[in-house]
Amino acid sequence: MLLSSCSSFNSNNGAISDSNSKLLQDKSINKVITLTSLSTDIVSALSRDKLVAIPGSSLFKGKIDYQKLPRISQGRTPPNLEKIVSLKPDLVIGTKGFHDKILGKLKDINIQTISYELNDWNSLENTINLISTKLDINNLRTSNEIVNTKLKECVVANEQNENPSVVVLASTKPILSPNSKSWAGNLLQRFGINSLTKDLDSKSEFRGYVNLSPEWLIKEDPDNLIIIQTRPGQYVDFEKSKPFSNLKAVKSDQVYRFNYYGLINAGSLESINSACLKLRKIF
């Protein structure tokens, strides 16, 4: 469950698909429907008045900017195709893999779509730039402003720190950790953080994630541990449980709890920035 909803954020080279580009290249984009929280944030930052519907997400709870916009999905339920069509959007944005079916149906009725995959910082910047271009905001400075303001804690200058070792535990049963081919692994690399799993081959069902044995974890004995929480209070007894209680990081109180959104699933611009801020403070 922890990683099932982030699988669409793993990719091969962060590819982006722009459908109907030749057929609709002269049609201006004034009404946009987003199927992901991240694309919602990006469109809002570029041109908020173009948003006509968004996905239901816990990340939008209490966000005044999004309160009046209709929701076309909730949780992991598929987006409502009839509702999307009824709103007559000029553009619908979703992710590769997770939204392929509905984006294909929209394309069949000549509604323009964009689909993206996110597994590194470059693919995030590419997605921002593409959406900017589709909204006819052909200004690289505008895209850079999003990074420099909304993601300011993630801006780094060739980090080469000799940081203590760390293992990120995306799950404890089984023990799953990101390698360098995941969004989380790439973000750690961006800060020069020494992730002990960055070069391990992924043999799990989740691309970019590796299964760790208790024996491997005890042998490597990382200086720091990052645990991913999907809800407050999760893993309250983590430090007392085996095999983790024997680790150096636990004994030295170097165990850090991170939100699922931001480090594992990008989620939103705010959640990414919050994850970057926390990494800065720790490392």
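**Close-up views of a predicted model**

**View 1. An open sheet of 4 strands runs in the order S10-S7-S12-S13, with parallel pairing.** Strands are DSSP runs (E, at least two residues) and helices likewise (H or I, at least four), numbered from the N terminus. Two strands pair if DSSP finds at least two bridges between them. At the edges lie S10 (194-195) and S13 (255-259), each pairing on one side only. S12 (residues 224-229) joins S13 in the parallel sense through 5 bridges. Ile226 has Tyr256 of S13 as its bridge partner. Helix H10 (residues 269-282) packs on this sheet and touches S12 and S13; contact means heavy atoms within 4.5 Å. The direction of H10 makes about 170° with that of S13. Axes are lines fitted to C-alpha atoms, for helices over the stretch in contact, and angles run from 0 to 180 degrees between N-to-C directions.

The model is predicted: local features need pLDDT of at least 70, side-chain atom pairs count only at pLDDT 80 or more, and totals for chains, interfaces and linings use all residues. Residues are numbered from 1 along each chain as its sequence is written, and side-chain values use heavy atoms, with hydrogens and water left out.

**View 2. Strand S5 (residues 91-95) is largely enclosed by the rest of the structure, because 5 of its 5 residues are buried.** Buried means under 20% relative accessible area, exposed over 50%, partly exposed in between (1.4 Å probe, protein chains only). Leu91, Ile93 and Thr95 cover one face of S5, Val92 and Gly94 the other. S2 (residues 32-34) pairs with S5 in the parallel sense over 3 bridges, and Ile33 stands opposite Val92. S6 (residues 112-116) is also a parallel partner of S5, over 5 bridges. There, Ile93 has Ile114 as its bridge partner.

**View 3. Helix H6 (residues 183-190) is mostly covered.** Of its 8 residues, 6 are buried. They are Trp183, Ala184, Gly185, Asn186, Leu187 and Leu188. Just after H6, Gly192 adopts a positive phi of about 70°.

**View 4. Two charged side chains sit over aromatic rings.** Arg190 lies over the face of Trp121, 4.0 Å from the ring centre. Lys278 places its charged end over Phe258, 4.8 Å from the ring centre. The criterion is NZ of Lys or CZ of Arg within 6 Å of the ring centre and within 35 degrees of the ring normal.
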